[in-house]
Amino acid sequence: MSDFIMRRKLEEGKSLLAYSEKSISEISEYLCFSSQSYFQNVFKKKYHMTPYEYRKSMR
């Protein structure tokens, strides 16, 4: 997958984590990641925190 598409998906994921009530699994499915764990791994590699930690920091 191109870096651009992955970056856009992760940015959208950040926005959904911050501003929606969707669960992490709903977000990963919505963004067409193959699994929730893949979404979490890619997110953590890029932002140095899990989606859950990011959501908590935004509340």
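Modeller: This is a predicted model. The buried residues of α1 pack against α2, α3 and α4 (51-58).

Biologist: Which residues of α1 are called buried?

Modeller: They are Met6, Lys9, Leu10, Gly13, Leu16, Leu17 and Ala18. The word applies because a buried residue has under 20% relative accessible area.

Biologist: What does Leu17 touch?

Modeller: Leaving aside residues up to four places away in sequence, Leu17 touches Ile24, Ile27, Phe43, Pro51, Tyr54, Arg55 and Arg59.

Biologist: Which members of the largest nonpolar core touch the most other members?

Modeller: The core has 13 residues, and those members are Leu10, Leu17, Ile27, Leu31, Phe33, Phe39 and Phe43. At least two residues of this core come from each of α1 (3-19), α2 (24-30) and α3 (36-47). The most come from α1, which gives five residues.

Biologist: Which residues of α3 are buried, and what makes them lie on the same side of α3?

Modeller: Phe39, Val42 and Phe43 are buried in α3. They lie on the same side of α3 because they cover an arc of only 100 degrees around the axis. Asn41 and Lys45, on the other side of α3, are exposed.

Biologist: What covers the buried residues of α3?

Modeller: The cover includes α1, α2 and α4.

Terms used:
Residues numbered from 1 in each chain as written. Predicted model: local features only at pLDDT ≥ 70, side-chain atom pairs only at ≥ 80, totals over all residues. Heavy atoms only, no water. Core = buried A, V, L, I, M, F, W, Y, C linked by side-chain atoms within 4.5 Å. Buried < 20%, exposed > 50% of the residue type's maximum accessible area, 1.4 Å probe, protein only. Helix = DSSP H or I, 4+ residues; strand = E, 2+ residues; numbered from the N terminus. Contact = heavy atoms within 4.5 Å. Arc of directions from axis to C-beta.
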